[in-house]
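Thank you all for coming; I would like to walk you through one structure this morning. Please have a look at the sequence and the model first, and then I will go through the parts one by one.

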Amino acid sequence: SERMVARVTGRGSRQEAPAPLERLTDREREALTLMGRGLETAPRSQLDLSVKTIETYHARIKEKLGLQTAHELIRAAVSWAGL
C-alpha cells in the first residue's frame, strides 16, 4: 500500500496536488482555450461535439478550477488563452 511504501522509503504518503489546470483533460483545455479566444459559440464545430457535451466540459472545468460562475469561467478562459 502507499502508506507502507511511505514508511519504508521515509517519504510522506501525501502527494502534492497537481496545479488546477493540470487537472483538466486535453479536451477540457481545448474547450477552455476556444472559449478564451471568443469562440464560445464555435467550439461545437471546432471540437466536433454537441452543445450538451460542451456544457458538460464547462461544468467540469468550473468544478476542477473551483469556479462558481460563468463569468469566472470566462475570465479563466481568457487568461488561459493568453489574451
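Let me begin with a definition: buried means under 20% relative accessible area, exposed means over 50%, and partly exposed lies in between, with a 1.4 Å probe and protein chains only. Before I use that, two words on where the values come from. What you see is a predicted model, in which local features need pLDDT of at least 70 and side-chain atom pairs count only at pLDDT 80 or more, while totals for chains, interfaces and linings use all residues. Residues are numbered from 1 along each chain as its sequence is written, and side-chain values use heavy atoms, with hydrogens and water left out.

Now the overall picture. The secondary structure of the chain comes to 5 helices and 0 strands, where helices (H or I, at least four residues) and strands (E, at least two) are DSSP runs numbered from the N terminus. Along the sequence the pattern reads α-α-α-α-α, and of the 83 residues in the chain, 27% count as buried. If we take a contact to mean heavy atoms within 4.5 Å, then among contacts between residues at least 6 apart in sequence, 48% join residues at least 24 apart.

Let me turn to the core. A nonpolar core is a set of buried Ala, Val, Leu, Ile, Met, Phe, Trp, Tyr and Cys residues joined through side-chain atoms within 4.5 Å. The largest one here has 8 residues, namely Leu-24, Leu-32, Met-35, Ile-61, Leu-65, Leu-67, Leu-73 and Ala-77. Helix H2 (26–36), helix H4 (51–65) and helix H5 (70–81) each supply at least two residues of this core. Leaving aside residues up to four places away in sequence, Ala-77 touches Leu-32, Met-35 and Gly-36.

The axes of H2 and H4 come within 10 Å and cross at roughly 100°, which makes H2 roughly perpendicular to H4. Here the residues in contact are Arg-27, Glu-28, Ala-31, Leu-32 and Met-35 of H2 and Tyr-57, His-58, Arg-60, Ile-61, Lys-64 and Leu-65 of H4. By class, that contact has 6 nonpolar, 1 polar and 4 charged residues.

H4 and H5, in turn, pack at an angle of about 85° with their axes 10 Å apart, so H4 is roughly perpendicular to H5.

I would like to finish with two pairs of residues. Which side chain does the side chain of Thr-33 meet in a polar contact? That partner is Trp-80, at 2.7 Å, a polar contact being a pair of N or O atoms within 3.5 Å where, within protein, one must be able to donate a hydrogen and the other to accept it, and where residues adjacent in sequence count only if both atoms are side-chain atoms.

The side chains of Glu-28 and Lys-64 are joined by a polar contact of 2.9 Å, and the backbone nitrogen of Thr-25 lies 2.9 Å from a polar atom of the Glu-28 side chain.

Methods:
Axes fitted to C-alpha atoms, helices over the stretch in contact; angles between N-to-C directions. Parallel < 35°, antiparallel > 145°, perpendicular 65-115°, else oblique. Nonpolar A, V, L, I, M, F, W, Y, C, P; charged D, E, K, R; others polar.
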